[in-house]
Amino acid sequence: MKFVYFGSSYFSRIVLDSLIESGKIPSLVVTVSDKPSGRGLKVRATPVKVLAKEKGIEVLTPSSLSDKPFIERLASVSSEVFVVVSYGRIIPRNVLDIARTIPVAVHPSLLPLYRGAAPVNWAIINGDSKTGTSIIRVSEKVDAGDIIAQKPLRISSSDDAVILSNKLARLSASVLLDTLNSIEKGKYTLTPQDESKVTFAPKIKKEDGRILWEKDTSSIRNLVRGLLPWPEAFTFYKGKIIKILKVEVYDEKTSGRQSNQKVSTRRVDKVHDEFIERKPSVIVKIDKEGIHVVAGDGIVIIKRVKPEGKKEMDAYAFSCGHNINPGETFG
């Protein structure tokens, strides 16, 4: 079965690579144009383009999806299916209609939950215990097409957005492969999404990363996990931005760390300043475990940071280098 693959991101590369390894090789790959990226703003090809070139697959990078030469080349392939995986642009109806059988898309959520640009991030930020992948028929309304296949995936307390995205890419590849086989045999069904259950996952903005220390410990930890690798959660120290890359929650009941459970009290135990109640954002302890900060319902231990204009480092080393002391505040 001939198919054209539309994709750009690293997530999309993982899916494409899995398809190729399984013997499903696209006749053509469409991706976005090379763009400046990184600190030096060096012009780079998308991960999908790099892979396609390595595998000897023809790649198109149209500046406009309405370009006549692009549409003519797309039509000449006589593809039964278009597969859209994190392409990065809205594909117009007249282009989708070129697919002889059906255009399908992969979306890393259990639609109709988390329609939009950042479903993986928001699932973690919101503290969900489950997500998944959906294969849908592409429609004019973004992420609203009929569902062809879905498969759930448990979110581990140790998952951050990078780890979960990679897990979902591999799961998506497996479900997509089965879906393509079903389409080839003409044995697939289309199930409309339940519009009453729609939720959205809007594009992440830099300001979404600001830590509000009055929030509960689990919410802060989920924010940190959900915003890797960009834009990263942040706070302020003496007017400068400090990126917070890893935290743990201090369990006051057991006087130890916990992964992702709520702490039920605002009182700080004896280890943390001898039962003196502190306001959120106050640093109550610094040791080799990290920087212990009061949140809305307990203690968050900052483990890894990235100071403004510097590289990632251990939080304790950061505190020593900047002479941070208990009683000072973040934010």
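Predicted model: local features only at pLDDT ≥ 70, side-chain atom pairs only at ≥ 80, totals over all residues.
Residues are numbered from 1 along each chain as its sequence is written, and side-chain values use heavy atoms, with hydrogens and water left out.

I125 lies in helix α5, residues 119–125; helices (H or I, at least four residues) and strands (E, at least two) are DSSP runs numbered from the N terminus. With a relative accessible area of 15%, I125 is buried, where buried denotes under 20% relative accessible area, exposed over 50%, and partly exposed in between (1.4 Å probe, protein chains only). Contacts, defined as heavy atoms within 4.5 Å, link I125 to I204, N222, L223, G226 and L227, leaving aside neighbours within four places in sequence. The C-alpha atoms of I125 and S218 are 9.4 Å apart in space, while the two residues are 93 apart in sequence.

Helix α2 spans residues 47–54, and its buried residues are V48, K49, L51 and A52. These residues are on the same side of α2 because they cover an arc of only 165° around the axis, the arc being that of the directions from the helix axis to the C-beta atoms. K53 and E54, on the other side of α2, are exposed.

The buried residues of α2 pack against β1 (3–7), α1 (10–21), β2 (28–30) and β5 (59–60). After α2 comes G56, which has a positive phi near 75°.

## Packing of α1 with α2

The axes of α1 and α2 cross at roughly 30° and come within 7 Å. Axes are lines fitted to C-alpha atoms, for helices over the stretch in contact, with angles from 0 to 180 degrees between N-to-C directions. The two helices are therefore roughly parallel, a term for angles under 35 degrees. Y10, S12, R13, L16 and D17 of α1 meet P47, V48, V50, L51 and E54 of α2.

## Nonpolar cores

A nonpolar core is a set of buried Ala, Val, Leu, Ile, Met, Phe, Trp, Tyr and Cys residues joined through side-chain atoms within 4.5 Å. The largest has 66 residues, of which Y5, V83, V104, L176 and I302 touch the most other members. Helix α6 (residues 161–185) contributes the largest share, 11 residues.

Not counting residues up to four places away in sequence, V83 touches F3, V4, Y5, F6, V104, L176 and L180. A second, separate core of 22 residues includes L60, A99, V138 and I147.

Notes. Parallel < 35°, antiparallel > 145°, perpendicular 65-115°, else oblique.
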